[in-house]
Amino acid sequence: MPLYEFVPRRSNWHAWLPVLLGLLLFPLLVQSEYLLNIAVYAGIYVILTSSLNITNGYTGLFSFGHAAFYGIGAYTAAILATRSGIPFWLTLPLAGIVASAFGAAIALLTLRLGGIFLALVTIGFQEIAYLVILNWVSLTRGPMGIPGIPPATIWGVALSGNRGYYFLILALDTLVLFLISRIVTSRVGRAFVAIREDELAAQSAGIATFPTKVLSFVVATFFAGIAGGFFAHHARFVSADSFRLDETFAILTMLIVGGMGSLPGPVIGAVFLVVLPEASRFLAEYRGVVYGLILIGVILFRPEGIAGVPGIIRTRGALSRAEKPSAEEGQPA
Amino acid sequence: MLELRGVSTRYGPVQVLWNLSLTVREGELVCLLGGNASGKSTTMKTILGLVHPFRGEIAFRGQPIHRATPAQVVRAGIAPVLESRRIFPELTVYENLLMGAYTRADAAGIRQDIDRVYDRFPLLRQRRGQLGGTLSGGEQQMLAIARALLARPRMLIMDEPSMGLSPLYVERTFEIIQGLNREGIAILLVEQNANMALAIADRGYVLQTGRIVLSDTAQNLVNHPMMRKAYLEL
């Protein structure tokens, strides 16, 4: 079975259980706070990339505003925790809910648009969100950011080092990926893919495409908000600069390199592109060059990414597994 | 069963359908003929709710559907087989069939119906795990029809099912359409292939630049001088 078809199930435990056990053992073997910190960041980006994959990968929508929802989640958690003293276990889901409320509002307004128009509107939202965070000083402290966010707690014990955060993000990643795998293999998940494949045919099969696309957006932005909430309690400081358009593109790059429309794709992409810049520090100023070359290589040779669905971007590279399967006759007019 | 009364449709300022009236009765096989740009596909889109008429009414089993969304039309019992098949290339044959049953919630009934379409199209059973896009054009047409059947429709609307198929599959497709009709499913067949369509249809309508110019029994249409001139003696 190709990697992009992988879905964790009870029957294929031998494929995912060793990975999970290895990840559980990792912090026992590794003592370095620095390495654990990188692992925690990889974990945050796994959620961000996997959630963006729901809209951009499975449903085929072009959302370019993911960092805005990440930021809304982070600021929600930061404001609730510092002003109202709400504990971590509540700020985290609330961050998701507030982000997905914005997601729903944007989706209802913009999902009548398709393709490049949706992309432009979400970029616009991304910029507006940044400017509002930067200028609404009474709520967000504007350019000063929000410091002093309390750390995450597990059973009342505040986490101090990265080891605790590592286990927390590992649990959160496992939960989020499990939920996403359940969603995308469900009837609704098939409807997402059907909309991506052929919206007219999806409508003709009786899928109410507009509400389904809105749902896809809401789910994706919910998880982005969750990632933001975790980030706020881990970094313990949030500032608007962390959630700009370049952050959206970083997440999008991870998704494209890892591969869209599959479960392992975004996980691989996120871990790879978080680890790569750190691993290539010895290259000093050539680091950016290597990063760029890898991106160009992926686009040229394997446009569907490391573990993406072949042909999902309607091009084909030299290293792609398969040609886009298409009818030899009668393409839709 | 399906009734269009004085339906007019336009895309922006361009009016495509002019005061179109058409009826499909219970269990009937009706064909809608016409050349390129005569409004056949727009008629189909209007019935399905993909575009809404600005004048006129459409009723299905007594219920008005001219303001309905495509999802509501499918739920009401009309299943479309779209032009050029439009199967989902990245979904397997089995998943494509499941998409056809999207509006249904009876898991046991869906399983049973999938078995029944597998019996009808044994080839699909063989290829159930294969991606839809890897099937040949004729096989895709079988899949498209099977997918439509999984909605348990009372009526099928088929847009140019013979287009782009080999002669063998054209014949096969028309046999299947006739078979489905005999089982009691009403069919509106939108076709350019007038000869084949009239051979199996009960009645026919002829569209020209968005207006119905002829409507009669299939038998009479075959012998109509205008039909002979326009379609049958190419």
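Predicted model: local features only at pLDDT ≥ 70, side-chain atom pairs only at ≥ 80, totals over all residues.
Residues are numbered from 1 along each chain as its sequence is written, and chains are lettered from A and ligands numbered from 1 in the order in which they are written. The model scores ipTM 0.78 and pTM 0.84. Chain B averages a pLDDT of 90, with 98% of the residues scoring at least 70; pLDDT is the predictor's confidence in each residue, from 0 to 100. Among the elements of chain B, β4(B) has the highest mean pLDDT (94) and helix α10 (residues 225-232) of chain B the lowest (73). Helices (H or I, at least four residues) and strands (E, at least two) are DSSP runs, numbered from the N terminus.

In chain A, helix α7 (residues 162-184) of chain A packs with helix α10 (residues 209-235) of chain A at an angle of about 180°, their axes 12 Å apart. Axes here are lines fitted to C-alpha atoms, for helices over the stretch in contact, and angles run from 0 to 180 degrees between N-to-C directions. The two helices, α7(A) and α10(A), are therefore roughly antiparallel to each other; angles under 35 degrees count as roughly parallel, over 145 as roughly antiparallel, 65 to 115 as roughly perpendicular and the rest as oblique. On the α7(A) side, Tyr165(A), Ile169(A), Leu172(A), Val176(A) and Ile183(A) meet Val219(A), Phe223(A), Ile226(A), Phe230(A) and His234(A) of α10(A). Contact means that the C-beta atoms of two residues, placed from the backbone, lie within 7 Å. By class, this contact of α7(A) with α10(A) has nine nonpolar residues, one polar and no charged ones. Ala, Val, Leu, Ile, Met, Phe, Trp, Tyr, Cys and Pro count as nonpolar, Asp, Glu, Lys and Arg as charged, and the others, Gly among them, as polar.

Chain B has an open sheet of four strands in the order β2-β1-β4-β5, with antiparallel pairing; two strands pair if DSSP finds at least two bridges between them. The edges are β2 (14-24) and β5 (63-64) of chain B, each with a single partner strand, so one side of each is left without a neighbour in the sheet. Seven bridges join β1 (residues 2-11) of chain B to β2(B), and Leu2(B) has Val24(B) in β2(B) as its bridge partner. Helix α1 (residues 40-48) of chain B lies across β1, β2 and β4 (55-60) of chain B, at about 70° to β2(B). Asn19(B), in strand β2 of chain B, has a positive phi of about 50° although it is not a glycine.

Between the chains, 31 residues of chain B are in contact with 25 residues of chain A. Helices α2 (70-76), α3 (93-100) and α6 (137-149) of chain B each supply at least two residues of the side that touches chain A. By class, that side of chain B has 16 nonpolar, nine polar and six charged residues. Six of the eight residues of α3(B) are buried, so this helix is largely enclosed by the rest of the structure. A residue is buried if 20 or more other C-beta atoms lie within 10 Å of its own, exposed if 12 or fewer, and partly exposed in between, with C-beta atoms placed from the backbone. The cover over the buried residues of α3(B) includes α8 (187-197) of chain A, together with α4 (107-120), α5 (122-126) and α6 of chain B.
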